[in-house]
Amino acid sequence: MIRYYYYHIFYVGMMNIMVLVPYVLISHRFDGAVSSFPLAIALGTLYSYVTSSVFQRFPGLGLPEIYKLFLPVWLANCLNLVGVVIWCVAGIIVLFSYSNTIGIFFDPEASAYLNLAIMAAASMWAASRTSRSVQFTHEVLLIVSTPIILWILFKALFSNWLDWDAIRLIADAGIRRPPSMICLFASSFVFSGHMNITLFNRLNPRDLKFRLRWTIPFVGAFFLLVSFFVPIGFHGTQAVGNYLYVWSVTTDSLQMKYGFIQRVLYLFLLLYTFLSLLFVMNTWHTGMEFLKACFKKVQAAYGRSRRACHQLVDLRCAGGADVRLRLFYERYI
Amino acid sequence: MILKKALLLCLILTLVPALGGCQLKDIDKRYFVVSAGFDYSDNPAMPYRVSLRLALPSSKVEEGGAMSVVQTVDAASIAEAVRHLKSTVDKELEFGHCREFILGRKLIEKDGIDNSMQWLSRRRDIQSVSNVMIGEPDAYSVVNLKPKSERYPGNSLFLSFGNEGTEAANTVTTYLFDLYRRLYETGLDPVLPVASLFGDAYRIDRAAMLDKQKTRLFLDPDETLLFNMTAFGVDNTIIALPDKPVNIVLAATHTTSKINLAGGEDPVAVVNIRIEGFLEQSPPHLLEKDWRGLEHKMGKRFSEEAEKLLYKIRDAGVDPYGFGLHYLADHHNGKGRWEKWKRLYPDIRFDVRASVSIQGSGLIR
């Protein structure tokens with residue numbers, strides 16, 4: 001089950017390439033982008049550790065349930081609504097920017113709203129399924145697209161046309177500048193995959209231990225550095241700032257000479273269609289579940305009577321390993 | 001139940017607008033541009049002469065069966081010329097398959113490459129891996145040539161580049177994204193292959209060195225070969241050592257090269273190059289007598305030739321190897337470093353360290 005947690009971390013790392021993060025970082029490449037990377041890696045790792053440790057104390061409960069347990073109903077509902085706004089907006093930003101990219105490279109003659117509408121309809125349908133099937137869809141699509149995306153990234157990384165002098169120049173000059181706030185926030189996006197635990201913790205079994213968390217900084221740092229430095233290596237320190245669709249042009253600079261289609265761009269965009277829809281599905285599903293939680297009493301979610309709740313607590317804290325948690329549950333439910 | 005059905009009906013109705021499809025034009029209503037040439041037209045009001053070679057698709061695929069037409073129009077800019085050209089043909093122009101862009105020599109002398117590059121980099125349908133070259137005497141004659149060996153219209157020209165078709169050692173391959181990078185980069189200058197006509201074929205064995213705008217230096221075929229080996233580490237080349245009665249020739253199968261700057265504040269530009277290969281032309285028993293000596297002699301000869309070329313390029317005031325970028329990277333792009341490099345570069349010394357390793361003498365001793 002732990003793999004579902006890492007799927008989220010992994011796919012947000014890959015999404016990082018297609019969302020606006022590389023564009024923001026590259027436009028600040030001479031002032032403070034590089035020096036905020038170590039900070040972002042440290043902060044992001046810390047944040048992932050803390051969040052997952054905290055949720056490990058509440059096996060089977062999502063954030064809305066935890067709110068309900070500890071806060072008055074009106075405050076819990078307000079916080080839930082804040083969650084709805086944040087999650088849905090995240091999906092909308094990605095949906096909008098990706099349908100824009102599709103409109104430019106795939107289908108310039110079609111109306112932009114048609115692309116947007118089709119993608120939104122698909123995402124909405126996928127998001128309105130149960131949490132479990134969202135999780136399974138996520139797994140299937142990720143298994144299909146990850147190997148090919150990694151192949152494209154490594155192809156770029158080992159290409160002869162990658163100019164290591166340009167990368168060295170930016171890395172070396174940038175690390176000497178003071179870090180900037182914008183770049184810190186932009187680059188810590190790559191570590192935000194663990195946030196999905198706020199909802200999907202509901203599906204975690206009670207004996208789940210978050211093992212292998214030491215891999216998070218490596219995965220995050222890899223995708224962060226690749227998404228920033230590979231375009232610089234391909235387009236040089238100056239010209240890279242002129243491109244609006246940095247990664248689309250970078251993958252267009254690769255070629256598969258003996259592939260079915262020579263332009264890597266189209267394969268890349270197709271895979272990122274998967275990932276974008278996946279992202280929107282996850283965020284909207286989370287938003288939807290947060291909204292639904294506003295209309296549900298926590299008791300209702302776990303059975304009507306107080307006694308049933310106690311049974312539930314007994315079940316969740318089986319063995320009495322964590323006495324404090326048990327006390328919490330008993331006091332508040 | 002009724003609500004569900006109503007919802008389903010609504011959903012189906014919203015999908016109706018999508019039935020129009022992607023509003024794409026069908027393939028039989030498109031003209032595929034296979035190569036494009038930009039020239040200077042001597043008319044100040046309409047300086048750009050754009051020639052497009054349009055493929056005429058046919059069901060037969062055979063040598064010499066490639067059919068195409070060439071359309072030319074003059075206009076005040078490339079974009080306007082292409083728009084205007086559309087009114088002279090009956091189908092929509094499609095640039096997605098065009099991988100050859102030829103800039104006339106005169107256009108670069110009069111106008112530079114910047115304006116053409118702006119159009120090329122802005123278009124979404126033009127591939128970043130297109131080949132860009134200089135056409136001599138003009139782009140039109142290169143676009144207009146229809147070689148007999150072509151199976152598909154336009155494929156003869158693009159097979160000349162890279163290592164897809166011929167692996168010609170004197171052909172410099174410059175992709176669009178690489179040219180765009182070099183156009184803006186500090187300390188790295190553009191280089192373009194020069195294509196001209198040779199009977200019924202293309203001849204692409206020279207290179208032009210440019211500063212950010214104009215051509216500064218044309219290399220002859222031998223120099224282009226040396227440049228290709230030292231700058232790009234191109235494989236399948238040759239090194240000749242003058243000898244009597246006939247030259248000793250090494251067919252280099254594998255080359256790696258790397259630039260470096262040695263010696264701190266007063267640097268020497270070093271090119272480390274490793275060449276491996278077989279002897280293709282040699283008197284009998286020569287290699288057995290003095291294997292190391294021959295390798296050493298070849299390396300020395302190569303270094304001398306390459307250094308001569310490097311000094312020539314330096315004196316033309318261009319830096320296609322990227323020594324400047326390397327210098328800036330070494331000194332973490334510090335303040336005033338670029339100005340310092342511009343003072344240093346005109347007097348810089350070069351050191352080509354070639355290590356030739358002969359793998360064998362072919363099939364005979």
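This is a predicted model: local features need pLDDT of at least 70, side-chain atom pairs count only at pLDDT 80 or more; totals for chains, interfaces and linings use all residues.
View 1. To find your way around, residues are numbered from 1 along each chain as its sequence is written, while chains are lettered from A and ligands numbered from 1 in the order in which they are written. Chain A has 16 helices and zero strands; helices (H or I, at least four residues) and strands (E, at least two) are DSSP runs, numbered from the N terminus. Take the contacts in chain A between residues at least 6 apart in sequence: 83% of them join residues at least 24 apart. A contact here means that the C-beta atoms of two residues, placed from the backbone, lie within 7 Å.

View 2. You'll find A:V144 in helix 7 (residues 131-157) of chain A. Is A:V144 buried or exposed? A:V144 counts as exposed because it has 11 other C-beta atoms within 10 Å. Along the sequence A:V144 and A:T51 are 93 residues apart, and in space they sit 29 Å apart, C-alpha to C-alpha.

**View 3. Strand 1 of chain B and its partners.** Strand 1 (residues 30-40) of chain B is mostly covered, with nine of its 11 residues buried. Strands pair if DSSP finds at least two bridges between them. With strand 2 (residues 48-56) of chain B, strand 1 runs antiparallel, joined by eight bridges, and B:D39 stands opposite B:R49 there. Strand 5 (residues 100-104) of chain B runs parallel to strand 1, with four bridges; B:A36 faces B:F101 across this pairing. Strand 4 (residues 92-94) of chain B also pairs with strand 1 in the parallel sense, over three bridges, and B:L93 is the bridge partner of B:Y31.

**View 4. Where chain B meets chain A.** Here 26 residues of chain B are in contact with 28 residues of chain A. Helix 7 (176-184) and helix 11 (323-330) of chain B each supply at least two residues to chain B's side, and helix 7 gives the most, with six. That side of chain B divides into 13 nonpolar, eight polar and five charged residues. For these groups, Ala, Val, Leu, Ile, Met, Phe, Trp, Tyr, Cys and Pro count as nonpolar, Asp, Glu, Lys and Arg as charged, and the others, Gly among them, as polar.

**View 5. Two helices crossing in chain B.** The axes of helix 8 (residues 221-232) and helix 10 (residues 291-315) of chain B come within 10 Å and cross at roughly 95 degrees. So helix 8 of chain B is roughly perpendicular to helix 10 of chain B, a label for angles of 65 to 115 degrees (under 35 is roughly parallel, over 145 roughly antiparallel, and the rest oblique). The axes are lines fitted to C-alpha atoms, for helices over the stretch in contact, and angles run from 0 to 180 degrees between N-to-C directions. B:E223, B:L226, B:F227 and B:T230 of helix 8 meet B:E305, B:A306 and B:L309 of helix 10.

Technical notes: A residue is buried if 20 or more other C-beta atoms lie within 10 Å of its own, exposed if 12 or fewer, and partly exposed in between; C-beta atoms are placed from the backbone.
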